[in-house]
Amino acid sequence: MGGLALKRHEPMNESKHNAIRAYYSTLFAVWGCQHWWPAQSRFEMIVGAYLTQNTAWTNVEKALRNLRKAGVLTIRGIRRTPPGRLEELIRSAGYFRQKAQRLKTFVKFLDERYGGSLTRMFARPTGELREELLALNGVGPETADSILLYAGNHPVFVVDAYTRRILERHGIVESDVGYEEIRKLFEHALGGMARPERELGLTPGVSGPAGSCHRPSRVSRAERTAQVQIFNDMHGLIVGVGKHYCLKSQARCEQCPLQKFLPAAE
């Protein structure tokens with residue numbers, strides 16, 4: 001079998017779409033709203049997307065605290081902070097020289113193209129803005145889509161290593177399938193779904209890890225369309241499966257909420 005040929009009405013993909021919808025319904029029933037992204041402003045979310053590249057979120061949190069304490073976790077703050085000082089503040093996130101330069105590059109892009117306004121930037125059509133972000137140094141598909149989805153409330157799905165691992169182990173995609181094909185698979189499967197007909201939030205009384213849930217934040221509580229909210233929660237739910245059950249070195253299938261969807265062993 002080759003890679004997926006993702007056409008919206010292609011019958012061979014309907015079973016894959018149904019599986020992804022079932023995963024979403026199952027995980028949301030267990031863990032509820034995941035409150036991604038944990039940030040108090042859109043710009044903080046963007047900074048976090050840059051800093052989380054190739055490092056653990058706990059290291060990013062330290063860097064964000066440093067930036068916040070120094071009073072520079074703003075567009076103006078990053079613009080005015082000397083490179084050496086910025087590197088010092090984000091050192092805990094690793095690759096701090098590269099990341100400091102990339103943050104400077106983003107702010108310069110925002111200033112030159114959109115007069116320093118995130119509102120103007122996010123008013124751009126999704127596809128056009130995505131291409132502009134991907135052209136920036138240090139912005140790959142996952143970072144661009146995270147910025148679009150979480151800061152801009154654009155309807156794009158974020159694919160990460162957890163997503164690929166779970167789909168491969170469940171026999172939905174093969175190892176050679178590219179990022180764009182997986183992104184479109186999720187967008188086609190989840191597009192048009194209705195949000196759960198109950199208050200968003202963690203299901204009371206559920207034991208065990210609550211997925212990858214964060215405390216509600218200003219960004220996570222932002223008003224958004226049903227489709228964007230579903231993409232938002234689905235990514236967080238998948239991260240929860242990857243962090244707690246579908247580990248890289250070991251699959252803990254017996255306790256996983258998605259265990260019932262595993263293909264039968266040959």
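Predicted model: local features only at pLDDT ≥ 70, side-chain atom pairs only at ≥ 80, totals over all residues.
Figure 1. The secondary structure consists of 12 helices and 0 strands, so the pattern along the sequence is α-α-α-α-α-α-α-α-α-α-α-α. Among contacts with a separation of 6 or more, 70% are made by residues 24 or more positions apart.

**Figure 2. Helix α2 and its cover.** Helix α2 spans residues 42-51. It is mostly covered, with 9 of its 10 residues buried. The buried residues are F43, E44, M45, I46, V47, G48, A49, Y50 and L51. Which helices cover them? The cover includes α3 (57-69), α4 (75-80), α6 (96-114), α7 (118-122) and α9 (141-151).

**Figure 3. H235 in helix α12.** Helix α12 runs over residues 226-244 and contains H235. Is H235 buried or exposed? H235 has a relative accessible area of 3%; the cut-off for buried is under 20%, so H235 counts as buried. Beyond its neighbours within four places in sequence, H235 is in contact with W36, Y150, F157, V158 and D160.

**Figure 4. The largest pocket.** The volume of the largest pocket is about 660 Å³. Its lining has 25 residues, and those closest to the centre are W36, T52, T55, E142 and D160. Helices α3, α9, α10 (161-169) and α12 each supply at least two residues of the lining. The largest share, 4 residues, comes from α9. Sorted by class, the lining of the largest pocket has 10 nonpolar, 11 polar and 4 charged residues.

**Figure 5. The second largest pocket.** The second largest pocket has a volume of about 270 Å³. How many residues line the second largest pocket? There are 13, and P38, E44, W57, E61 and R68 lie nearest its centre. E44 is also one of the buried residues of α2. Helix α3 gives the most to this lining, with 5 residues. By class, the lining of the second largest pocket divides into 5 nonpolar, 3 polar and 5 charged residues.

Definitions and conventions
Residues numbered from 1 in each chain as written. Heavy atoms only, no water. Contact = heavy atoms within 4.5 Å. Buried < 20%, exposed > 50% of the residue type's maximum accessible area, 1.4 Å probe, protein only. 1 Å grid on protein atoms, 1.4 Å probe; cavity = no way out; pocket = protein on both sides within 12 Å on 5 of 7 lines; lining within 4 Å. Points joined across faces, edges and corners; volume = space filled by probe spheres on them. Nonpolar A, V, L, I, M, F, W, Y, C, P; charged D, E, K, R; others polar.
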